[in-house]
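Me: I am new to this structure and would like to go through it step by step. Could we begin with the strands?

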Amino acid sequence: MNALTLTVSTLPNMKLTTNGRRAFIHNPYGLAKAVRVERERAYWLFTEALQGRQPRFERVRLSWVLTFPQKRSRDADGILGGALKIWQDSIVDLGIIKDDSTEYIIGVPALDIKVDKLRAPEMTLRIEAVP
């Protein structure tokens, strides 16, 4: 298998972006709980999207597409470094990749943000094998 595309009908918890985490400044335990809950949610939604498949990759390149219902300014770095990092951890939990270090994930994951009222909320992750 050279590539895998996983699509789920949800978006990451935007309170867990690097900017959104400021809301937890006085409640670090609340942040830890929110991260744990989001990681478990990601695990189960990706498990469902896999439909019984158990792919394994050595080195990969990741591409994310987030589809929102409304057009707004979005902080791509904040989404990648916060909310999507948790979802990236879940593909390690699932055994799709061994680790999420730079040894296994090549380059910075790509992020494309789209607006489509009919399809939103939707998130697609493309995992592409790199030789």
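Me: Which residue in β4 is the bridge partner of Leu-4?

Reply: The model is a predicted one. In it, Leu-4 has Ile-127 of β4 as its bridge partner.

Me: How many bridges join β1 and β4, and in which sense do they pair?

Reply: There are six bridges between β1, residues 3-8, and β4, residues 122-129, and the pairing is antiparallel.

Me: And how does β2 pair with β4?

Reply: β2, which covers residues 60-68, pairs with β4 in the antiparallel sense over eight bridges. Within that pairing, Leu-66 has Met-123 of β4 as its bridge partner.

Me: On to helix α1. Which of its residues are buried?

Reply: Gly-30, Ala-34, Glu-38, Ala-42, Phe-46, Ala-49 and Leu-50 are buried in α1. An α-helix has 3.6 residues a turn, so residues three or four places apart point the same way.

Me: What span should α1 have?

Reply: At 1.5 Å a residue, its 23 residues, 28-50, should span 33 Å, and the end C-alpha atoms are 33 Å apart, which agrees.

Me: What follows the helix?

Reply: Gln-51 follows α1, with a positive phi near 50°.

Me: Changing topic: what is the volume of the largest pocket?

Reply: The largest pocket has a volume of about 170 Å³. Its lining includes Met-14, Arg-72, Asp-75 and Ile-79.

Me: How does that lining divide by class?

Reply: The lining of the largest pocket has two nonpolar, four polar and three charged residues.

Technical notes. Residues are numbered from 1 along each chain as its sequence is written. This is a predicted model: local features need pLDDT of at least 70, side-chain atom pairs count only at pLDDT 80 or more; totals for chains, interfaces and linings use all residues. Side-chain values use heavy atoms; hydrogens and water are left out. On a 1 Å grid over the protein atoms alone, a cavity is a set of points where a 1.4 Å probe fits but cannot get out, and a pocket is an open set with protein on both sides within 12 Å along at least five of seven lines; lining residues have an atom within 4 Å of a point. Grid points are joined across faces, edges and corners, and a volume is the space filled by probe spheres set on the points. Ala, Val, Leu, Ile, Met, Phe, Trp, Tyr, Cys and Pro count as nonpolar, Asp, Glu, Lys and Arg as charged, and the others, Gly among them, as polar. Two strands pair if DSSP finds at least two bridges between them. Helices (H or I, at least four residues) and strands (E, at least two) are DSSP runs, numbered from the N terminus. The expected span of a helix is 1.5 Å times one less than its number of residues. Buried means under 20% relative accessible area, exposed over 50%, partly exposed in between (1.4 Å probe, protein chains only).
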